[in-house]
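Welcome! Please take a look at the model before reading on.

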Amino acid sequence: MVDFKDTPEQAAWRAEVQRFVDQHLPPALREDARYAGSLGGLHRGTLTTDQRRELTAKWRRAVLDRGWIAPAWPKEYGGADMSPIQQFILREVFSESQAPSVGVPDVGSTILVHGSDELKKRYLPGLVEGKEQWCQGYSEPSSGSDLASIQTRAIRDGDDFVINGQKIWTSGAATADMMFALVRTDPDAPKHRGITYLLLDMKSPGISVRPLGQMTGARQFNEVFFEDVRVPVRNAVGEINRGWYVGATHLDFERSSIGLAVGFKHRMQNLLDLVKAERDATSGRTTLGRSSATRAALAERAIEADVARNFSNRIITLQNRGVIPNYEASVQKLFSSELHQRLSNTAVKALGLYGGLYDEDDPRAPDRAVWATYYLATVSETIGAGTSEIQRNVIATRGLGLPRG
Ligand SMILES: Cc1cc2nc3c(=O)[nH]c(=O)nc-3n(C[C@H](O)[C@H](O)[C@H](O)COP(=O)(O)OP(=O)(O)OC[C@H]3O[C@@H](n4cnc5c(N)ncnc54)[C@H](O)[C@@H]3O)c2cc1C
């Protein structure tokens, strides 16, 4: 039988992390977490955007000062060199306390695996400090799922590459300081073999950014245009023309994010609280939870939230053994993103007449319209970081050993 109980040392570590959280996590952030979160660039929280930013920075600073911001990284690059089980417990306590996610961006882990010593020294300290924002320049107007077909050209000129082309759907590009990008460095090679993974400064002359609107009302996406942009050749991560494999490592890190699955528990609880609290004005009896369709759907979602949690545990177990999750990351990404949509759908239906209200200032909107917002925002989750169809292809080929279609 699997025993998930802590050993005495693990229990002591858990208590130490919990004490730290109790001491440093601003209570206002916990309350805000009920409504805010990654909602496709929108936040329905109790705090203003500025307040949230300020308190999150304070929390990040505390984690950084404690030396825990990059638990898995070596100490020499500002990491904590924690044992696998310590990392797991730290992440669990943080997420159960509804602390905002404040680690280091995945690009840092990719640099750590594939980057030169020079790149590690130059970029990892900044990533640990959290001073720079990064964006991901992969997708192009004609290259999304078939990412290896990218056309943005980087032509070598002395010690620089000169870049021309366009990226699209680049989240956060309008405010980013740096981009990690896939560019074509050899147009004559087979398509996977002529790509390089480059780090580039968003202030470089020749870069322009045009924001794109989303159906939630947010403007998180952008188009990014490159016109004769010069980037030093030494900014290539890994070998030139072998960037496809570096980019794939990055996607494995990105898809194995456990945050979403851990968050389901809280979302589920928030929804149950709402459903249980809703009472008929005359009889005082709970109303919403009495529908058999609602009860069945909530039971299904609760089971699925537990399953998602177990997929996360599997990812963490692999990471703890030093293995970068591969098709397992696709299983986790596929299941969690589709579950997030099902959960939002269940919530909007379960909350009845006002469940679909989208205006957070409307007093009739349950939980400041957070569920209607999720309903719209989660549509994109089965597209970003690779669509559900692509995840199924990865699972079928790499996981099940089936031939490519
Ligand atoms: C929230 C969000 C954030 C994003 N952030 C970024 C970012 O920061 N940086 C970045 O570079 N990109 C980003 N993207 C873009 C994202 O990576 C692409 O949208 C995604 O890879 C799909 O590509 P596409 O939009 O070109 O669709 P297409 O590739 O044109 O796909 C269209 C449809 O065809 C299906 N399809 C395609 N090929 C196959 C196949 N072989 N087998 C079965 N079905 C297939 C797809 O599943 C999809 O349903 C983001 C997207 C979203 C939604």
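## A word on angles

Before we start, one cut-off is handy: angles under 35 degrees count as roughly parallel, over 145 as roughly antiparallel, 65 to 115 as roughly perpendicular and the rest as oblique. Please keep in mind that this is a predicted model.

## Helices α10 and α11

Let us begin with helix α10 (residues 327–350) and helix α11 (residues 370–377), whose axes come within 9 Å and cross at roughly 140°. The two helices, α10 and α11, are therefore oblique to each other. Their crossing is left-handed.

On the α10 side, Ser 344, Asn 345, Ala 347 and Val 348 take part, and they meet Trp 371, Ala 372, Tyr 374 and Tyr 375 of α11.

## Helices α9 and α10

Helix α10 also packs with helix α9 (residues 292–320), at an angle of about 155° and with the axes 10 Å apart. That makes α9 and α10 roughly antiparallel to each other, and their crossing is left-handed.

Residues of α9 in this contact include Ala 297, Arg 301, Phe 311 and Leu 318, while those of α10 include Val 331, Phe 335, Leu 339 and Arg 342. Here the contact residues divide into twelve nonpolar, five polar and five charged.

## The domains

Stepping back, the chain is divided into domain 1 (8–103), domain 2 (134–241) and domain 3 (256–399). Between the C-alpha centres of domain 2 and domain 3 there are 32 Å.

Definitions and conventions. Residues numbered from 1 in each chain as written. Predicted model: local features only at pLDDT ≥ 70, side-chain atom pairs only at ≥ 80, totals over all residues. Axes fitted to C-alpha atoms, helices over the stretch in contact; angles between N-to-C directions. Helix = DSSP H or I, 4+ residues; strand = E, 2+ residues; numbered from the N terminus. Left-handed = near helix turned anticlockwise from the far one by under 90°. Contact = placed C-beta atoms within 7 Å. Domains from an automatic or database assignment. Nonpolar A, V, L, I, M, F, W, Y, C, P; charged D, E, K, R; others polar.
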